[in-house]
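Please keep the sequence and the 3D view open while you read.

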Amino acid sequence: MHNTDIGQNFLIDESLADFITERARLSGRDVVLEIGPGDGVLTRALLRTPLKRLYAIEVDERLRERLENIASRDGRCRPIFCDALRFDYESGLGERPSKIVANLPYHITTPLIWTFLERLAPRGMDYMLLMLQLEAAERVVSPACRRERSPLGITAEAMGSAAVLRKVPPAAFHPRPKVMSAVVEIKIEKNADIANDSTWRSLLARSFTQRRKTLCNNWCASCGMTRESALRILSRHSLKPTARAEELPLEKWFELAQEPAFVLKNRDNGERNVLES
């Protein structure tokens, strides 16, 4: 029985798995991380490429025999049975992954992508090709002035680029989800440490505290800032008093992150990271 409580909608469309692996352009140098391999349709497709190593993290012990059988036929595959949200990505893998290719469990999509950006991007992971619920995909790729705009999407844009490659119908999975899905490609080309920048994360979180409220109201409520101070900051950056977080283009977030009122020390070394706009 599939456990939908942990997002078990297994990919069954082998042509889609082939599309994903072709798009990933894997070489003999690539160490790949897969999350939630399930029945192994994508796993087997990945192993038909010349990749160097594949680490497949699965939480469901009932799938151990199936995945270990795949690994026994191809020594490049290393299944790991654990909770992907609790796994130690810094030291738990034998090698640092360069790419993540996965059909992510839908109920933990956002925290997982944040984990990858925080823990793996600074260590050389520069590419993700992910199957996401369409709604989550739109939050990752949404440009400014769209209601789907989110802190995660802004951060992905700050690190490089994110795009929906194709939409995927429920029939590609078993059991069929009740929603459309999408294949999302995320490229990390700069600012590899930004997801760990305390100022950046805090600024975004506080600005999006309540989406229907203005930046001014959110800052006053979450930062202890006076309305006059918030309005002065908006004015300095040529933003209207009625501006909302979803409306701001990326360059405005870089500007705001330099405002003394928002600057925090980073967790790791107490220093601010230098952001590349």
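Strand 2 (residues 31–35) and strand 3 run parallel and are joined by 5 bridges. Strands pair if DSSP finds at least two bridges between them. Helices (H or I, at least four residues) and strands (E, at least two) are DSSP runs, numbered from the N terminus. This is a predicted model, in which local features need pLDDT of at least 70 and side-chain atom pairs count only at pLDDT 80 or more, while totals for chains, interfaces and linings use all residues. Residues are numbered from 1 along each chain as its sequence is written, and side-chain values use heavy atoms, with hydrogens and water left out.

**Strand 3 and its partners**

- Val 32 stands opposite Leu 54 in strand 3.
- From strand 2 the chain passes through helix 2 (residues 41–46) to strand 3, a right-handed β-α-β crossover.
- Right-handed has a set meaning: with the strands pointing away from the viewer, the path from the first strand over the helix to the second runs clockwise.
- Strand 3 also pairs with strand 4 in the parallel sense, over 5 bridges.
- There, Leu 54 stands opposite Cys 77 of strand 4.
- Strand 3 is largely enclosed by the rest of the structure, because 6 of its 6 residues are buried.
- Buried means under 20% relative accessible area, exposed over 50%, and partly exposed in between (1.4 Å probe, protein chains only).
- Arg 53, Tyr 55 and Ile 57 point one way from strand 3, Leu 54, Ala 56 and Glu 58 point the other way, and all are buried.

- The open sheet has 7 strands in the order 4-3-2-5-6-9-7, with mixed pairing.
- Strand 4 (77–81) and strand 7 (160–168) stand at the edges with a single partner strand each, so one side of each has no neighbour in the sheet.
- From one strand to the next, the twist averages 20°.
- Strand 5 (residues 99–103) and strand 6 (residues 127–133) run parallel, joined by 5 bridges.
- Asn 103 has Met 131 as its bridge partner in strand 6.

**Helices on the sheet**

- Helix 1 (residues 14–24) lies across strand 5, strand 6, strand 7 and strand 9 (181–188), at about 155° to strand 6.
- Helix 3 (residues 64–73) packs on the sheet and touches strand 3 (53–58) and strand 4, its direction making about 160° with that of strand 4.
- Contact means heavy atoms within 4.5 Å.
- Axes are lines fitted to C-alpha atoms, for helices over the stretch in contact, and angles run from 0 to 180 degrees between N-to-C directions.

**Helix 7 against helix 8**

- Helix 7 (residues 198–207) and helix 8 (residues 215–223) pack at about 115°, with axes 8 Å apart.
- The two helices, helix 7 and helix 8, are therefore roughly perpendicular.
- Angles under 35 degrees count as roughly parallel, over 145 as roughly antiparallel, 65 to 115 as roughly perpendicular and the rest as oblique.
- Helix 7 contributes Leu 203, Arg 206 and Ser 207 to the contact, and helix 8 contributes Leu 215, Asn 218, Trp 219, Ser 222 and Cys 223.
- The contact residues divide into 4 nonpolar, 3 polar and 1 charged.
- Ala, Val, Leu, Ile, Met, Phe, Trp, Tyr, Cys and Pro count as nonpolar, Asp, Glu, Lys and Arg as charged, and the others, Gly among them, as polar.

**Two buried residues**

- Leu 67 sits in helix 3 and is buried, at 2% relative accessible area.
- Leu 67 touches Pro 37, Gly 38, Glu 58, Pro 79 and Phe 81, not counting residues up to four places away in sequence.
- Leu 67 and Leu 165 are 98 residues apart in sequence and 28 Å apart in space, C-alpha to C-alpha.
- Glu 259 is in the segment after helix 10 (250–256) and is buried, at 8% relative accessible area.
- Glu 259 touches Ile 233, Arg 236 and His 237, again not counting residues up to four places away in sequence.

**Backbone points to check**

- A cis peptide bond joins His 174 and Pro 175, with omega about -10°.
- Pro 175 lies in the loop between strand 8 (173–174) and strand 9.
- Cys 145 is not glycine, yet its phi is positive, near 75°.
- Cys 145 lies in the loop between helix 5 (134–141) and helix 6 (151–159) and is exposed, at 59% relative accessible area.
- Ser 238 also has a positive phi, near 55°, in a residue other than glycine.
- Ser 238 is in the loop between helix 9 (227–236) and helix 10 and counts as exposed at 65% relative accessibility.
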